[in-house]
Structures are given as structure tokens and as C-alpha cells.
Amino acid sequence: MRVGIWGWFHTGNFGDELIALYLCRLAAECGLCPVVFGMRSELAERYGVEVMNEVEEFFGSIEFCLFAEGGCLIDAKDSMNKKGERYEELAAAAERYGVK
């Protein structure tokens with residue numbers, strides 16, 4: 001089973017990248033095939049992580065998704081970043097592809 005790992009991994013934030021790599025390791029140990037959305041290519045290559053950078057391609061290739069991003073816990077109306085629309089787009093893509 002291919003499991004997607006979604007987070008804010010492309011900015012070079014060490015903590016977020018560490019979470020993604022750890023989740024990849026756990027998924028592989030469970031016999032799953034992890035796919036990370038948006039990890040920096042140099043880090044992905046170093047650790048042998050499969051990465052996708054397009055939302056539709058990502059959700060179209062996985063069966064299950066782990067959201068490993070603290071920002072998704074923020075109430076969008078109170079956030080300066082107004083991330084709510086991005087999560088609505090992700091939820092719609094996941095639903096289109098039947099991703100759990």
C-alpha cells in the first residue's frame with residue numbers, strides 16, 4: 001500500500017523534515033511504500049524517499065494520507081496565512097481519488 005505523507009517539507013525546516021523522514025521509516029517498517037509531498041530533492045535523494053510535487057499526482061498515487069503538519073491544526077480564520085483554502089483543495093483532491 002502506498003501511503004502519502006503531507007507536510008510543509010520544502011522550506012528546509014529541520015523539524016518538519018525530520019518528522020517526514022521518521023514517518024517514511026515507520027511506514028517502510030510496516031511494509032508500506034511512503035510517498036512524500038514536496039520534500040527538497042537533495043534530502044529525498046540522500047535518504048531514498050519518493051517525492052511528488054503536484055497535488056493531483058500525489059493523491060492519485062496513494063491510498064492513504066498522513067497529514068504531518070501542525071499548521072493544519074490552526075483555525076484558518078485566526079491565521080495570518082489563511083491556509084484554509086489550501087486544506088479545502090487537499091481535502092477535495094483526496095476525496096476525488098478515494099484517499100483515506
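**Entry 1: aromatic rings.** I started with the rings and found Trp-6, Phe-37, Phe-58 and Phe-59 linked by ring pairs into a cluster. The model is predicted, and I read it as such. I counted the aromatic pairs in the structure and got 4. I then took up one of them, Trp-6 with Phe-58. Its geometry is tilted, with 6.1 Å centre to centre and 55° between the planes. I checked where the partners sit along the chain. Trp-6 belongs to strand S1 (residues 2–6), and Phe-58 belongs to helix H3 (residues 55–60). They are 52 residues apart, so I noted the pair as a link between distant parts of the chain.

**Entry 2: nonpolar cores.** I turned to the largest nonpolar core, which has 14 residues. Trp-6, Val-55, Phe-58, Phe-59, Ile-62 and Cys-65 have the most contacts inside it. Strand S2 (33–37), H3 and helix H4 (84–96) each supply at least two residues of this core. H4 gives the most, with 4 residues. I also found a second, separate core of 11 residues, including Ile-5, Phe-9, Val-36 and Ala-68.

**Entry 3: Cys-65.** I listed its contacts, leaving aside neighbours within four places in sequence. Cys-65 is in contact with Gly-4, Trp-6, Phe-58, Phe-59, Val-99 and Lys-100.

**Entry 4: Glu-17.** Is Glu-17 buried or exposed? I located Glu-17 in helix H1 (residues 14–29). Its relative accessible area is 5%, which is under 20%, so Glu-17 counts as buried. Not counting residues up to four places away in sequence, Glu-17 touches Phe-9, Gly-12, Met-39, Arg-40 and Leu-43.

Conventions
Residues are numbered from 1 along each chain as its sequence is written. This is a predicted model: local features need pLDDT of at least 70, side-chain atom pairs count only at pLDDT 80 or more; totals for chains, interfaces and linings use all residues. Side-chain values use heavy atoms; hydrogens and water are left out. Rings of Phe, Tyr and Trp (its six-membered ring) pair if their centres lie within 6.5 Å; planes under 30 degrees apart count as stacked, over 60 as edge-to-face and the rest as tilted. Buried means under 20% relative accessible area, exposed over 50%, partly exposed in between (1.4 Å probe, protein chains only). Contact means heavy atoms within 4.5 Å. A nonpolar core is a set of buried Ala, Val, Leu, Ile, Met, Phe, Trp, Tyr and Cys residues joined through side-chain atoms within 4.5 Å.
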